[in-house]
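Visitor: I have a model open and some time to go through it. Can you walk me through the packing and the sheet?

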Amino acid sequence: MLKNLSKEDEHKLQSLPLDAVMENHGHFHVKETRKFKWYSCPFHNETDASFRVDLHPGPGADYAGTYCYGGCRKQNAPSSTNGALFLEMRLLELEGKPHSMMDAAKKLAADFNVELEGQNYNSFWRRQNRNEEVPLKDEIEFNIADRPFT
């Protein structure tokens, strides 16, 4: 679980469709089967469709994943991801943008209009939604002038 996200928020983000995340970054599939979409790998230069994006989680998996059958394996780079957060993080890194896990979570939430309710996600949200009453003083002193208001 991510440090600043609840398990429910992390699950919402990890479960986003990976093909939509790819298209959101300007990568469009080359071919499609019933279970996968194939892309030219965004992480290395190639012309073939060697980057597989699962449309649904595989047997025993919690989230859909990706796998590169091309240059990523040859370059000893990470050739697979599991879930939308990890894919988003790698795509942000490719674009030279801040790419921590929280950066990826915030971008996915904004791009896909996902409302995050994690306790530590947004301090403004926490302050606005507190159910605590502000304690008042027992007596409030008013100094009002003895003349009429004009």
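Visitor: Which residues have the most contacts inside the largest nonpolar core?
Guide: They are L13, M22, F51, L85, L87 and L108, in a core of 27 residues. A nonpolar core here is a set of buried Ala, Val, Leu, Ile, Met, Phe, Trp, Tyr and Cys residues joined through side-chain atoms within 4.5 Å. Buried means under 20% relative accessible area, exposed over 50%, and partly exposed in between, with a 1.4 Å probe and protein chains only.

Visitor: Which elements give two or more residues to this core?
Guide: Those are α2 (18-24), β3, α4 and α5 (101-111). The largest share, six residues, comes from α5. Helices (H or I, at least four residues) and strands (E, at least two) are DSSP runs, numbered from the N terminus.

Visitor: What does L13 touch?
Guide: Leaving out residues up to four places away in sequence, L13 touches L5, A84, L85, A105, L108, A109, V114 and L116. Contact means heavy atoms within 4.5 Å.

Visitor: Before I go on, where do these values come from?
Guide: This is a predicted model, where local features need pLDDT of at least 70 and side-chain atom pairs count only at pLDDT 80 or more, while totals for chains, interfaces and linings use all residues. Residues are numbered from 1 along each chain as its sequence is written, and side-chain values use heavy atoms, with hydrogens and water left out.

Visitor: What is the mean pLDDT of the chain?
Guide: The mean is 78, and 71% of the residues reach 70 or more. pLDDT is the predictor's confidence in each residue, from 0 to 100.

Visitor: Where does pLDDT stay under 50?
Guide: Over residues 119-129, for which the model has 10 contacts beyond four places in sequence. Where pLDDT is low, the predicted coordinates should not be read in detail.

Visitor: OK, the sheet. What is the strand order?
Guide: The order is β1-β2-β3-β4-β5, an open sheet of five strands with antiparallel pairing. β1 (31-32) and β5 (80-82) are at the edges with a single partner strand each, so one side of each has no neighbour in the sheet. Two strands pair if DSSP finds at least two bridges between them.

Visitor: How many bridges join β2 to β3?
Guide: Four, with β2 covering residues 36-39. W38 has R52 as its bridge partner in β3. Three bridges join β3 to β4, where the partner of R52 is Y67.

Visitor: And which residues of β5 are bridge partners of G65 and T66?
Guide: N82 is the partner of G65, and T81 is the partner of T66. Strand β4 (residues 65-68) and β5 pair over three bridges.

Visitor: Are the faces of β3 covered or open?
Guide: Both are covered: F51 and V53 on one side are buried, as are R52 and D54 on the other.

Visitor: Which strands does α4 lie across?
Guide: Helix α4 (residues 84-94) lies across β3 (51-54), β4 and β5, at about 135 degrees to β5. Axes are lines fitted to C-alpha atoms, for helices over the stretch in contact, and angles run from 0 to 180 degrees between N-to-C directions.

Visitor: Switching to rings. How many aromatic pairs are there?
Guide: A search of the whole structure finds four. The ring centres of W38 and Y69 are 5.8 Å apart with planes at 35 degrees, so this pair is tilted. W38 is in strand β2 and Y69 in the loop between β4 and α3 (71-74), 31 residues apart. For Y67 and Y69, the centres are 4.7 Å apart and the planes at 65 degrees, so that pair is edge-to-face. Rings of Phe, Tyr and Trp (its six-membered ring) pair if their centres lie within 6.5 Å; planes under 30 degrees apart count as stacked, over 60 as edge-to-face and the rest as tilted.

Visitor: Which residues do the ring pairs link into a cluster?
Guide: F36, W38, Y67 and Y69. W38 is buried at 16% relative accessible area, whereas Y69 is partly exposed at 38%.
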